[in-house]
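Subject: Structure handover

Hello,

Please find the structure below. My notes on it follow.

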Amino acid sequence: MRVVDQWTYHNRLYRAGNFTATQDNLEFIQLTSFGCGLDAVTADQVQEIVESKGKMYTLIKIDEGSNLGAVRIRVRSLLAAVKERKRHKLSLTRKSSAYERIVFSKDMEKRYTILAPQMSPIHFDLIGALFRTQAITWKFLPKSIKLP
């Protein structure tokens, strides 16, 4: 896993994804009403866990006003894809992780430049001073252009 967190709910999702991935008779469908922040990272990690074992990951975002017809269509599509996969004996197993972890090294500090968007000049002045003390090269991206 690329994520370590302290949240019980997210850890249960990781365990459920891992368990589902090891069972021939299970597929993983995650229903959520959020798709930002930590939930987005969690969804990506669960997808990686499930797909690394050749299973399909399905995420359905719903809210109180959602038409459940769309959910039914997604579930039917998943079931059809599972049947097709079994019929043709296809495997979805990835040969390697979608994300390769690159460890930032001292040598990289000399070869790479961090590009930062203009968001908060007060914060970036402080961060820039910190990076300069560590000999890390970074540059602000140009400010956004206002359209007429």
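Is the crossing of α1 and α2 right-handed or left-handed? The crossing of α1 and α2 is right-handed; a crossing is left-handed if the near helix is turned anticlockwise from the far one by less than a right angle, and right-handed if clockwise.

This is a predicted model, in which local features need pLDDT of at least 70, side-chain atom pairs count only at pLDDT 80 or more, and totals for chains, interfaces and linings use all residues. Residues are numbered from 1 along each chain as its sequence is written, and side-chain values use heavy atoms, with hydrogens and water left out.

Overall: the protein chain has five helices and four strands, in the order α-β-α-β-α-α-β-α-β from the N terminus. Helices (H or I, at least four residues) and strands (E, at least two) are DSSP runs, numbered from the N terminus. Of the 148 residues in the protein chain, 25% are buried (buried is under 20% relative accessible area, exposed over 50%, partly exposed in between, with a 1.4 Å probe and protein chains only).

Helix α2 covers residues 38–51, 14 residues in total. From first C-alpha to last it reaches 20 Å, close to the 20 Å expected at 1.5 Å a residue (the expected span is 1.5 Å times one less than the number of residues). Its buried residues are Thr 42, Ala 43, Gln 45, Val 46, Glu 48, Ile 49, Val 50 and Glu 51. Among the elements that cover them are α1 (8–21), β1 (28–32) and β2 (57–61).

α1 and α2 pack at an angle of about 15°, with their axes 8 Å apart. α1 is therefore roughly parallel to α2 (angles under 35 degrees count as roughly parallel, over 145 as roughly antiparallel, 65 to 115 as roughly perpendicular and the rest as oblique). Axes are lines fitted to C-alpha atoms, for helices over the stretch in contact, and angles run from 0 to 180 degrees between N-to-C directions. Residues of α1 that meet α2 include His 10, Tyr 14 and Ala 21; contact means heavy atoms within 4.5 Å.

β1 pairs with β2 in the parallel sense over five bridges (pairing needs at least two DSSP bridges), and Thr 32 stands opposite Lys 61 in β2.

Lys 53 sits in the loop between α2 and β2 and, at 44% relative accessibility, counts as partly exposed.

Regards
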